[in-house]
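Welcome! Take a look at the model below, and then let's work through a few questions together.

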Amino acid sequence: MFRYIGVRLMHSLVILALVTVLVFVIAQLIPGDAIMAAMAGNVDMHDAQVVARVRHQFGLDQPILVQFAVWLQHFVRGDWGTSIGTGENVLQMFLHRLPITLELFFGATLWAVAIGIPVGIVGALKRNSALDMFLTAGTIVGVSIPAFWEAIVLIYLLAVVFPIVPPSGYIPFGEHPLLNLRAMLLPTFVLGTHSGGLLARYVRSSLLEVLGQDYIRTARAKGLSERAVVVRHAIKPGMIPVVTVIGLSWGGMLAGAFFVEVIFAIPGLGRMGVEAIFQRDFPVMQATLIVVSLNVLLVNLSVDILYGYLDPRVRVRA
Amino acid sequence: MSEVVRVAPIPPGRSRSARLALLRAVFQHRLASVGLGIIAVLCFIAVFAPLLAPYSPYDQDLYKVLAPPSAAHWLGTDNLGRDLFSRLLYGARVSLFVGIVSSALSAALGVAIGLVAGFNGGVIDAIIMRVTDAFLCFPPLIFILAMSAALGPGLQNVMLSFALFGWTGFARITRGQVLQIRELPFIEAARAIGMSPYWIMRRHILPNAVAPILVAITITVGTAILIETGVSFLGLGVQPPTASWGKELRIGFTYLETAPLFSLAPGLMISLAVVAFNFVGDGLRDALDPRLRGAGLVRR
């Protein structure tokens, strides 16, 4: 098991190295350079001395490999630089916004589980019925419709036509818990439906696979009621993909958060990322890309290790 | 795109009849046939938009800004007095074009990389797969946004960025197929008679790996449409005055209270297109999945 974990860790480190190179390259792709882009419209950009000074200040006059090494060294030490747009410390910006996005993710995961598991179970138990077809179509629609459109439709229905929830805005939980929950109701739902649809599809196929196993036939043969067979023998092993899907959908949720936070005016990591991308605020942009990739990488690593722990065949094959 | 596609290779020699059987299975799959119907209608709209649209999508009538639906303007007008219905019809062109070209580009790139990795094996395979894994860590939308922002707004840059981040799924699927196929006796025979590796890949391996790649392409078209509209929604991608569903949705969102159709209608078109491609992809996958074949699950 330790050897397996060691191999997976090494793989992850190699991937992480490649990720950092790619993120660095993306920032280099900005025509001219990032400082010129950030200073566009500023009168000082016509002053060669000012531009040279700013480029020197950000180390952009160094050879590219040196720039990369310096940037990586600083990043690993927790010095993520200062935002070109706001002048704030990037790490502080992250830490400040992280709880807001985590609250959004937590709420969305709750919705995903509340929708995905029952729908998946019903779909599997009523396989090939009209209800199953309806639910399957529903899950594909849930996975397919863009989060931004779903958000707009729900805002129109629940904030404009029937004003039940506020159309946008964020109130910290510590300030007013009830208003916070009310404001987060729609954003978490919008973010959760995609993962919910995905989860329902995985639960359905996993449960169908379990229901086809020999021991289920044995359970039926010894005279157990269908209810007992399903509840006691099928559901538990059928739920194995739940953790995986929830874990893996966090990457997708991050992308969804980019839209949801913009539409609902939530000051989290997603909105910060979008603003950074549009302002070409490259220290924030690079940090966002690294954190997003690191998140996916860590989730994948945990899923791999968990699978290796649960299923010895995976360990041997690796 | 990144979902696992379990598909058996079509046995050599029977590929034509197998493809016909596949087509039949897709048409029998109810959701897939609904999807095919929607795609056919959307393609028709995109091709014949100039004939179908009652107005030019660029004609402004500043006296009729944000007009409600009427006999003259079925869906009303936008913030510049342009006919919304005509703009929606023209918007199909952009979305379908981007969807199809982006997925074709990423498929071409991914299939080539997957073929090389799977056929050669060894160090080349290991390196390529590590790079693929690294790319898989990127939520595509975020990286496409960043790339599009870095390269500047415009459809070409969105398509290029999509291809750069969308090839990984194709590479993995193709590699998996090649690993299965290259062990089959007819490949050994081809090697024995002295065929070059390039020719074996082109003539014998690729045609037999096509089926799962087709599934992935179908699903990727939907993803590409979703990403193009998303990128346009956030302000990159298509630039005005070109009619695009994502852009209309974004501008319409500002007028949600006064002109709800301005944002709801383009969103519906995006959703319909994406759902249709996913329905067909799902049907194809069911039809090709050896575990589901004959298990009574194909006819849904």
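Q: How many residues does the contact take from chain A and from chain B?
A: Two residues are in contact if their C-beta atoms, placed from the backbone, lie within 7 Å. Counted this way, the contact takes 43 residues from chain A and 43 residues from chain B.

A note on the model: it is predicted, so local features need pLDDT of at least 70 and side-chain atom pairs count only at pLDDT 80 or more, while totals for chains, interfaces and linings use all residues. Residues are numbered from 1 along each chain as its sequence is written, with chains lettered from A and ligands numbered from 1 in the order in which they are written.

Q: By class, which residues make up the side of chain A that touches chain B?
A: Ala, Val, Leu, Ile, Met, Phe, Trp, Tyr, Cys and Pro count as nonpolar, Asp, Glu, Lys and Arg as charged, and the others, Gly among them, as polar. On that basis, the side of chain A that touches chain B has one charged, seven polar and 35 nonpolar residues.

Q: At what angle do helix 7 and helix 11 of chain A pack, and is that roughly parallel or roughly antiparallel?
A: Helices here are DSSP runs (H or I, at least four residues; strands are E, at least two), numbered from the N terminus. Axes are lines fitted to C-alpha atoms, for helices over the stretch in contact, and angles run from 0 to 180 degrees between N-to-C directions. The axes of helix 7 and helix 11 of chain A are 9 Å apart, at an angle of about 30°. Since angles under 35 degrees count as roughly parallel, over 145 as roughly antiparallel, 65 to 115 as roughly perpendicular and the rest as oblique, helix 7 of chain A is to helix 11 of chain A roughly parallel.

Q: Which residues of helix 11 of chain A make the contact with helix 7 of chain A?
A: Helix 7 of chain A brings Ala147(A), Phe148(A) and Ala151(A). By class, this contact has six nonpolar, one polar and no charged residues. From helix 11 of chain A come Gly256(A), Phe259(A), Val260(A) and Ile263(A).

Q: How many helices and strands are there in chain B?
A: Read along the sequence, chain B follows the pattern α-α-α-α-α-α-α-α-α-α-α-α. The count is 12 helices and zero strands.

Q: Is Pro50(B) buried or exposed?
A: Pro50(B) lies in helix 3 (residues 49-52) of chain B. A residue is buried if 20 or more other C-beta atoms, placed from the backbone, lie within 10 Å of its own, exposed if 12 or fewer, and partly exposed in between. Pro50(B) has 12 such atoms within 10 Å, so it is exposed.

Q: How many residues of helix 3 of chain A are buried?
A: Helix 3 of chain A is followed by Gly59(A), whose phi is positive, near 75°. The helix has 10 residues (48-57) and lies largely in the open, because the number buried is zero.

Q: Where is Leu66(B) found?
A: Leu66(B) is not a glycine, yet its phi is positive, about 50°. With 17 other C-beta atoms within 10 Å, Leu66(B) is partly exposed. Its place is the loop between helix 3 and helix 4 (84-120) of chain B.

Q: Which peptide bond is cis, with omega near 10°?
A: Look at the loop between helix 10 (210-233) and helix 11 (245-254) of chain B, where Pro241(B) is found. The cis bond runs from Pro240(B) to Pro241(B).
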